[in-house]
Protein chains: 2
Amino acid sequence: MKTASKRVDYSEAAELLLAKDNIMILTHRSPDGDTIGCGFGLYYALKSIGKNACVLCSDEFPRRYHYLYTDYVEKHFTPDMIVAVDIADTKLLGAELKKYSDFIDLCIDHHHSNTKFARNTLLDGDSASACEVVYKLLVQANIPVTKTIAECLYTGLISDTGCFRYPATTPETHRIAGHLMDTGISYAYINRQVFEMKSKQRIAIENYAMSHMEYYLDEKCAFVAITHDMFSEMGVTDEDLEGLAPLTTELETVEVGILVKEKDEGKFRISLRSVKNTDVSAICAKFGGGGHFFASGCTIDGSLPDVRMKLLKAVASQMGIDLWVL
Amino acid sequence: MKTASKRVDYSEAAELLLAKDNIMILTHRSPDGDTIGCGFGLYYALKSIGKNACVLCSDEFPRRYHYLYTDYVEKHFTPDMIVAVDIADTKLLGAELKKYSDFIDLCIDHHHSNTKFARNTLLDGDSASACEVVYKLLVQANIPVTKTIAECLYTGLISDTGCFRYPATTPETHRIAGHLMDTGISYAYINRQVFEMKSKQRIAIENYAMSHMEYYLDEKCAFVAITHDMFSEMGVTDEDLEGLAPLTTELETVEVGILVKEKDEGKFRISLRSVKNTDVSAICAKFGGGGHFFASGCTIDGSLPDVRMKLLKAVASQMGIDLWVL
């Protein structure tokens, strides 16, 4: 039975972790560098002090992050603690892990939108990444941050800040990056893995996106759709489609970018990006989604023209633009 | 008359600067974020302690850096000191400024390849950017780093490290970034200006480059040429062509990327990038160019097929690949 949710601080969270010996770590579906970085950063830290741990995910970890789990061997044990990392809502547990929804002892997160689904929630909304929260937790718990742990945490740090570019980045983010780099991490290699290294399919899909970008609202809004037909035709994988959204804001006039991916026919995953004053989480909330001020997501079903029109109307309204006078 | 060149440390360089009142600052031709950031960072610092200063360049400053010099008014004065920033060789002064070649009192630089052309050289080859050298110099000189100065220096820092990604980045780079961010700089805006904001022409030229990329040496080497005809046809400016080289190393198998720009007919500016173990400065040195291990440049005259073959041979040789057995 689920008990009431409690907000805990770093010291309480450290105590909770240190008191248990068999810790199961859950990462979110469609895993990104931050949730994977948290998962394995915490895993190696717990192993280093003699605890059992494992890292689970509903989906496969993308190939580009393989360097984070080359030394990982899943050992079976009965958990006495379940920890969720970088998970704002139980919906993000995904198909495989949703069975744990009511049994999560500790959630470590940085999303203001966290629904406090866990028994204990360590929420640090000022952190640009959940990996920064894990870093501060390890420091609090007196667990030394080794190079292996640092490579995990650095991965999350750069993933969620777009390599220190996004507005959530803080001076603290840089100071933590400096500490992580002191351990001798292969940061250039990691940056190439996370951001630069592309498959031929990825290069093709980016070219496609950039040459099919549509501009609306006085070129303040960019829109591009990748349909189901198209990506099966181009032979791209889910991994090839991860992190495409920043492409939508490349044109100098654009303030809000919309990326639409038709995962299944008539089911569209939407990613919104803002580079100025528009709160895209408010737009996504209208469609049952959420996220951050500058980066949010939602799902809309329907036909592509309908989805396009719904989104453009919502963006125009949020930007205070009257569609009728354009 | 030119006197012997002396290597100075931060303290000596600070003394030299503080002893003079009318300081002319020279930036390099084809100015990038690092030389402009140094130039205006130093300019605002000198002005803040009551000195006269000006910033000169042989070429126009690219529009994307306009935020660094909106408050700049060039006032004429007779310099009692000439300072070169981020300039490794007098060749980089360009057409307008080469007349100062023999009269440079202080060069502030971070290139190991610096030719010690100035009377005094403050060379810190461990710094990822010349702006880091200027930062440390200002700290040494007890000149407070204001938000305005910090925005200049941050611009150089991210320009030369590809936003903390390139291998030259150090823990110190992050710590300095943290200090600069403490002043409240608009880092997300600056990052968008430096890296993300693109003109339609730029987007078109990137699409062109990515869809015309040629792969050689078992796909370890990428090559793309932008000819004179092509960019006049596409209506791109020099600014649109700046910083295209990283595109050449996007494919996951690539270790060395070659970007060829035909500035005038039959005259090719070459940019080489390395993402693994190949020293591209050694390759460029063969053609009279230079730079860093991971990023270098040179100029070759001839026909495009000849230039391509010369470069591929030099790359293969540097990588230890026997062209005949491929």
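This is a predicted model: local features need pLDDT of at least 70, side-chain atom pairs count only at pLDDT 80 or more; totals for chains, interfaces and linings use all residues.
Six of its strands line up in an open sheet with the order 1-6-5-4-2-3, and the pairing is parallel. The two ends of that row are strand 1 (6-7) and strand 3 (52-56) of chain B; each has a single partner strand, so one side of each is left without a neighbour in the sheet. Further in, strand 2 (residues 22-26) of chain B runs parallel to strand 4 (residues 81-85) of chain B, and four bridges join the two. To find this pairing on screen, look for Leu26(B), which sits opposite Ala84(B) in strand 4 of chain B.

Helix 4 of chain B lies across strand 5 (106-109) and strand 6 (120-123) of chain B, with its direction at about 120 degrees to strand 5 of chain B. Helix 4 (residues 130-140) of chain B also has a helical partner: its axis and that of helix 5 (residues 147-161) of chain B come within 8 Å and cross at roughly 145 degrees. On the helix 4 side of chain B, the residues involved are Cys131(B), Glu132(B), Val134(B), Tyr135(B) and Leu138(B). They meet Ile149(B), Cys152(B), Leu153(B), Gly156(B) and Leu157(B) from helix 5 of chain B. Sorted by class, this helix-helix contact in chain B comes out at eight nonpolar residues, one polar and one charged.

Over in chain A, another open sheet has six strands, in the order 7-8-9-10-12-11, and here the pairing is mixed. Strand 7 (214-216) and strand 11 (290-291) of chain A take the edge positions with a single partner strand each, so one side of each is left without a neighbour in the sheet. Helix 12 (residues 304-319) of chain A packs on this sheet and touches strand 7, strand 8, strand 9, strand 10 (267-274) and strand 12 (295-301) of chain A. The direction of helix 12 makes about 155 degrees with that of strand 9 of chain A.

Both senses of pairing turn up along the row in chain A. Strand 8 (residues 221-226) and strand 9 (residues 256-264) of chain A pair in the parallel sense over six bridges, with Phe223(A) having Ile258(A) in strand 9 as its bridge partner. Strand 9 and strand 10 of chain A, by contrast, run antiparallel and are joined by eight bridges. Val260(A) stands opposite Ile270(A) in strand 10 of chain A. These two strands of chain A form a hairpin with two residues between them, and Gly266(A) in the turn has a positive phi of about 80 degrees.

Next along, strand 10 and strand 12 of chain A pair in the antiparallel sense over seven bridges. In this stretch Leu272(A) faces Ser296(A), and Arg273(A) faces Ala295(A). Strand 12 of chain A is also joined to strand 11 of chain A, running antiparallel to it, by two bridges. Gly290(A) stands opposite Gly297(A) in strand 12 of chain A. Strands 11 and 12 of chain A make a hairpin too, this one with three residues between them.

On to the charged pairs. A search of the whole structure turns up 28 salt bridges over all chains. One of them is within chain A, where Arg119(A) pairs with Asp105(A), the closest N and O atoms being 2.7 Å apart. This pair links distant parts of the chain, 14 residues apart: Arg119(A) is in the loop between strand 5 (106-109) and strand 6 (120-123) of chain A, while Asp105(A) is in the loop between helix 3 (94-97) and strand 5 of chain A.

That leaves the meeting of the two chains. The contact takes 43 residues from chain B and 43 residues from chain A. Between them the chains bury about 3600 Å², 49% of it on carbon and sulfur atoms. Across this interface there are 10 salt bridges. Among the pairs is Lys198(B) with Glu250(A), whose closest N and O atoms are 2.8 Å apart. The interface also has 23 residue pairs in polar contact.

Which helices of chain B supply at least two residues each to the side that touches chain A? They are helix 6 (171-182), helix 7 (187-196) and helix 8 (200-211) of chain B. Helix 6 of chain B gives the most, with eight residues. By class, the side of chain B that touches chain A has 19 nonpolar, 12 polar and 12 charged residues.

Key:
Residues are numbered from 1 along each chain as its sequence is written. Chains are lettered from A and ligands numbered from 1 in the order in which they are written. Side-chain values use heavy atoms; hydrogens and water are left out. Contact means heavy atoms within 4.5 Å. Buried area is the accessible area (1.4 Å probe) that two parts lose on being put together, summed over both. A salt bridge is a side-chain nitrogen of Lys or Arg within 4 Å of a carboxyl oxygen of Asp or Glu. A polar contact is a pair of N or O atoms within 3.5 Å; within protein, one must be able to donate a hydrogen and the other to accept it, and residues adjacent in sequence count only if both atoms are side-chain atoms. Ala, Val, Leu, Ile, Met, Phe, Trp, Tyr, Cys and Pro count as nonpolar, Asp, Glu, Lys and Arg as charged, and the others, Gly among them, as polar. Axes are lines fitted to C-alpha atoms, for helices over the stretch in contact, and angles run from 0 to 180 degrees between N-to-C directions. Two strands pair if DSSP finds at least two bridges between them.
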